Amino acid sequence: MFQLGYAPAQWDVLAKFLQKKGFSPEQLAKGGLLSETKGQNRYCDKFRQRLIIPIFDLRGRVIAFGGRIIHPESNQPKYLNSPETVLFSKSRVLYNLQQARSAIREKNEVIIMEGYLDVITAVQHGIENVVAALGTSLTPEHARILRRHAEKVILCFDADRAGQSASLRGIDVLRQAGCSVRVAEIPQGKDPDQYIRENGREAFLYE
């Protein structure tokens, strides 16, 4: 359903594959798939040894990728995302909206989470009206997009300080767009992904 993939640890697997398909290194770097070594005119795969999560537009077309590190001890960032391009702007894209639209409209309610895996776990447990804000603060454009699909919005961010701060910022943005906003409380130290896996759908929805 989410078309998850894997980026091998080698430096040039994707570069070699796509160049055989006729894409130039410059094109691939512009699209955020390769990184250029400064001053050396050399390119390497941007995503390596990561779980790869495609990001779709509302028509179901892949416009960007997120990559989650598989070995946390590698001193790499936990998440690596595609850069902004002509196709992809974080301020205008919500992860999973293309799949969640029907459920959101049916319930007239959307649950906004922080991360990809929060959303994936929720859907796996039968909670379908969920999206994520791709690691960025909710923007007025996000709010306008959501208001076109539902009136009620539930913010369900991590229980840490950063998550709570993001909730507070998001309330005003959403209300200005005409949304009715509530905040879901997750027990301290847990994120929605962990809470749903440990306690199940019913506990998440009704406790």
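In this predicted model, the largest nonpolar core comprises 26 residues. Within that core, Ile55, Tyr95, Ile111, Met113, Val130 and Phe204 have the most contacts.

**Composition of the core**
- At least two core residues come from each of the strands S4 (50-56), S5 (62-69), S7 (109-113), S8 (130-132) and S9 (152-156).
- The helices H4 (116-124) and H7 (192-206) likewise each supply at least two residues of this core.
- Helix H4 provides the largest share, with 5 residues.

- Neighbours within four places in sequence aside, Met113 is in contact with Asp118, Val119, Ala122, Val130, Val131, Ala132, Ala133, Cys156, Phe157, Pro192, Ile196 and Phe204.
- Another core, of 22 residues, lies apart from the largest one, and its members include Ala100, Val131, Ala133 and Val181.

- His142 is located in helix H5, which spans residues 140-149.
- His142 counts as buried because its relative accessibility is 0%, and the cut-off for a buried residue is under 20%.
- A polar atom of the His142 side chain lies 3.3 Å from the backbone oxygen of Ser91.
- The backbone oxygen of Val93 lies 3.2 Å from a polar atom of the His142 side chain.
- With neighbours within four places in sequence left aside, the residues in contact with His142 are Lys90, Ser91, Arg92, Val93, Leu94, Thr136 and Ser137.

Note on methods
Residues are numbered from 1 along each chain as its sequence is written. This is a predicted model: local features need pLDDT of at least 70, side-chain atom pairs count only at pLDDT 80 or more; totals for chains, interfaces and linings use all residues. Side-chain values use heavy atoms; hydrogens and water are left out. A nonpolar core is a set of buried Ala, Val, Leu, Ile, Met, Phe, Trp, Tyr and Cys residues joined through side-chain atoms within 4.5 Å. Buried means under 20% relative accessible area, exposed over 50%, partly exposed in between (1.4 Å probe, protein chains only). Helices (H or I, at least four residues) and strands (E, at least two) are DSSP runs, numbered from the N terminus. Contact means heavy atoms within 4.5 Å. A polar contact is a pair of N or O atoms within 3.5 Å; within protein, one must be able to donate a hydrogen and the other to accept it, and residues adjacent in sequence count only if both atoms are side-chain atoms.
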